Amino acid sequence: MNLPETVKRYLANSGGRFKVRRGEPMASFEGCLEAAGISPALCARGELLKSGRAYLMAVYRADSELDLEALNRLFKRDFVRADEADVRAAFSNCAAQALPPISEAYGIKAIVDKSLDGLDSLYFASGEPGLFIHADKADFDKLMQDAWQGKGICREAGAPTENVESLEDMREHIRAKVRDVQELPAMPGIATEIIRIRNNPYAHASELAAVIEQDPSLSAQLIRYATSPLYAYQGKVESVEQAIVRVLGMDFVQDIAFGLSLGRSFRNPKEGPLGLNAFWHHALHSATLVQSLCNAIEFSRRPPASMGYLAGLLHNFGFLLLGHLFPSQFERLNRTLEERPELSLAELELKAVGVTHGELGRWLMEAWEMPREIIEAVGMHHDPEHHSDYSIYANLVLIANRLLSRHGIGEAESSELPAELLERLGLSEAAAERALEQVLSDAEGLEFMARKMAA
């Protein structure tokens with residue numbers, strides 16, 4: 001009898017100390033416990049649950065029973081016990097009667113009942129029937145450090161259900177972490193200076209250029225953008241000030257430089273579907289396409305294209321923040337999406353962290369006191385029915401993402417353009433597709449900028 005390799009690696013990487021307790025393999029978890037001579041009161045049990053395509057591992061003392069009704073009130077979901085086929089799929093190298101509670105090793109979020117807090121040490125199943133792991137509680141806590149903490153998800157047989165804290169409490173904990181200036185990257189100095197210039201009605205292009213030129217990479221990107229086919233400018237652009245005065249204009253340069261400088265404050269892994277390479281490839285295509293879509297709208301209803309560019313650039317900033325605040329969850333999410341691209345991104349996010357990238361990004365925009373239009377674009381860009389006084393950029397980002405998905409860019413789950421939404425925006429599908437063609441004509445330039453941002 002040997003430990004499954006996944007469990008063995010996870011234990012080794014935790015830095016804790018563990019011992020193996022050997023017993024006889026039996027047909028049930030309870031039988032394995034008895035054969036090993038372990039009291040259920042000293043054992044943490046893991047039970048796999050399922051709601052739709054989302055999995056959850058409930059971890060509680062083995063002398064208790066899971067209160068599924070209380071857990072579903074907590075999550076406002078309809079979890080049921082996973083069947084044998086689900087268990088085999090989720091824990092491919094583990095036996096059903098020996099599920100290890102360390103489900104994070106298999107990319108599955110866990111919730112741990114607080115009844116385990118009173119133990120100095122405990123046992124838990126290893127995945128191999130008859131083998132149990134013994135650990136001090138402190139070392140077990142290291143294994144479960146990314147799990148949610150719950151109260152009242154288990155009870156003694158026949159005991160009444162206790163009230164439990166709501167999932168909103170967990171989400172508020174995450175939101176508080178987003179607001180925590182000790183955790184968040186401060187707004188970059190260049191972005192702060194751009195805000196100062198934006199608020200000064202007498203600011204001149206030379207003043208804005210001087211701020212941008214503090215960052216040579218940002219300067220090169222703006223000059224490259226001004227000379228792209230999107231503007232068809234025939235003259236020479238050799239400086240940031242010329243790009244502002246001759247081609248792009250003050251408002252647009254303020255917004256593009258502001259967004260690009262914000263992005264440079266996050267240094268996530270480069271590879272994978274959520275890595276910086278893919279992120280900036282999508283963000284720059286989306287930003288440019290939203291800008292073009294703005295210009296395709298009838299003039300009397302046309303929103304400022306510079307704000308559209310900024311909305312497209314920032315709309316997925318939640319991914320950057322996820323990698324910054326929760327690197328281990330980000331790594332697993334990135335790896336899972338790379339291995340299983342057919343899975344639902346939203347469900348994987350909820351399983352990994354409990355919030356979506358849209359929610360995380362919205363909280364960041366609120367913490368940075370961004371305009372309401374940007375906050376809604378970041379938080380609501382996946383909802384085709386979202387409509388408010390500030391929703392135009394969120395709606396345009398959705399259209400842009402669905403158009404780009406036709407060319408394998410981004411994570412939109414549909415490429416269909418909702419007719420009702422197009423009508424509300426005053427945008428025809430033909431005009432939207434022409435805007436897409438215009439953006440793709442400068443794919444080389446956008447890729448150049450994306451490489452610079454990810455470097």
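**View 1. Lys 109 lies over the face of Trp 148, at 5.2 Å from the ring centre.** A charge sits over a ring here if NZ of Lys or CZ of Arg is within 6 Å of the ring centre and within 35 degrees of the ring normal. This is a predicted model, in which local features need pLDDT of at least 70, side-chain atom pairs count only at pLDDT 80 or more, and totals for chains, interfaces and linings use all residues. Residues are numbered from 1 along each chain as its sequence is written, and side-chain values use heavy atoms, with hydrogens and water left out.

**View 2. Phe 91 and Tyr 106 form a tilted pair.** Rings of Phe, Tyr and Trp (its six-membered ring) pair if their centres lie within 6.5 Å; planes under 30 degrees apart are stacked, those over 60 edge-to-face, and the rest tilted. By this rule there are five aromatic pairs. In the one shown here, the ring centres of Phe 91 and Tyr 106 are 4.7 Å apart and the planes stand at 45 degrees, so the pair is tilted. Both residues lie in the loop between helix H4 (84-90) and strand S6 (110-113), so their pairing ties together parts that are 15 residues apart in sequence. Helices (H or I, at least four residues) and strands (E, at least two) are DSSP runs, numbered from the N terminus. Phe 91 and Tyr 106 are both buried, meaning under 20% relative accessible area, with exposed over 50% and partly exposed in between (1.4 Å probe, protein chains only).

**View 3. Phe 279, Trp 280 and Phe 317 make up one aromatic cluster.** Phe 279 belongs to helix H12 (residues 276-296) and Phe 317 to helix H14 (residues 317-325), so the pair links parts that are 38 residues apart in sequence. Phe 279 and Phe 317 are buried.

**View 4. Lys 137 is a buried residue in helix H5 (residues 137-143).** Its relative accessibility is 10%, which is why Lys 137 counts as buried. Which residues does Lys 137 touch, not counting those up to four places away in sequence? They are Leu 116, Asp 117, Leu 119, Asp 120, Ser 121 and Leu 122, where contact means heavy atoms within 4.5 Å.

**Setting for the views. The protein chain has 22 helices and 10 strands.** Of its 455 residues, 54% are buried.
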